[in-house]
Amino acid sequence: MVDQERRLTVRRFTNDDAWALGSMLVEMAYLRQAPIAIDIRRGAQQLFHCALPGSSADNDAWIDRKRRVVERYGESSYLVGARHRAKGTTFEDSSRLDPNLYAAHGGSFPLSVAGVGVVGTVTVSGLPQAEDHAMVVEALERFIAT
């Protein structure tokens with residue numbers, strides 16, 4: 001997962017880029033009939049949001065909780081959770097952060113610009129956490145390749 005974050009760095013990230021990446025995720029989700037919600041932010045500004053059929057307001061709450069983990073740690077929510085599990089504990093037990101506000105579950109990924117660092121997040125919620133994470137990674141790989 002650390003390698004994914006190093007590899008998945010973009011040259012820039014504009015509002016148009018957010019639209020392109022978000023639209024790519026929507027297309028992927030429709031093809032897979034995935035009941036997800038998608039959120040893309042640069043800093044505090046939400047640039048893209050879409051709730052697909054089968055998703056609910058609960059997915060928006062999960063997005064917020066996973067996104068906050070990325071904003072705090074600068075790493076994917078899945079990686080943060082995996083690091084805690086590797087130590088034989090859980091994020092909830094050892095982070096001392098409010099679990100109503102933070103969730104180290106897969107699906108939120110840092111948007112990193114080369115030479116700048118983390119500028120935002122892309123988050124998916126609605127599938128099991130490994131699948132949420134994998135969908136974001138796949139979309140970023142496709143986005144960078146275009």
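Helices (H or I, at least four residues) and strands (E, at least two) are DSSP runs, numbered from the N terminus. By this assignment, Ala139 is placed in helix H6. The model is a predicted one, in which local features need pLDDT of at least 70 and side-chain atom pairs count only at pLDDT 80 or more, while totals for chains, interfaces and linings use all residues. Residues are numbered from 1 along each chain as its sequence is written, and side-chain values use heavy atoms, with hydrogens and water left out.

Ala139 has a relative accessible area of 0% and is therefore buried (under 20% relative accessible area; exposed is over 50% and partly exposed in between, with a 1.4 Å probe and protein chains only). Apart from neighbours within four places in sequence, Ala139 is in contact with Leu21, Met24, Leu25 and Met28, contact being heavy atoms within 4.5 Å. Between the C-alpha atoms of Ala139 and Leu127, which are 12 residues apart along the chain, the separation is 15 Å.

The structure contains 3 aromatic pairs (rings of Phe, Tyr and Trp, the last by its six-membered ring, with centres within 6.5 Å; planes under 30 degrees apart are stacked, over 60 edge-to-face and the rest tilted). One of them is edge-to-face, because the ring centres of Phe13 and Phe143 are 6.3 Å apart and the planes lie at 65 degrees. Phe13 is in the loop between S1 and helix H2 (15–32) and Phe143 is in helix H6, so this pair ties together parts 130 residues apart in sequence. Phe13 and Phe143 are both buried. The rings of Trp19 and Phe48, with centres 5.6 Å apart and planes at 65 degrees, also form an edge-to-face pair. Since Trp19 belongs to helix H2 and Phe48 to strand S3 (residues 45–51), the pair ties together parts 29 residues apart in sequence. Trp19 counts as exposed at 57% relative accessibility, whereas Phe48 counts as buried at 7%.

The largest pocket has a volume of about 190 Å³. A pocket is an open set of points on a 1 Å grid over the protein atoms alone, with protein on both sides within 12 Å along at least five of seven lines, and lining residues have an atom within 4 Å of a point. Grid points are joined across faces, edges and corners, and the volume is the space filled by probe spheres set on the points. The lining consists of Thr9, Val10, Arg11, Arg12, Asp17, Phe143, Ile144 and Thr146. Strand S1 (9–10) and helix H6 (129–145) are the elements that give two or more residues to this lining.

How values were computed:
On a 1 Å grid over the protein atoms alone, a cavity is a set of points where a 1.4 Å probe fits but cannot get out, and a pocket is an open set with protein on both sides within 12 Å along at least five of seven lines; lining residues have an atom within 4 Å of a point.
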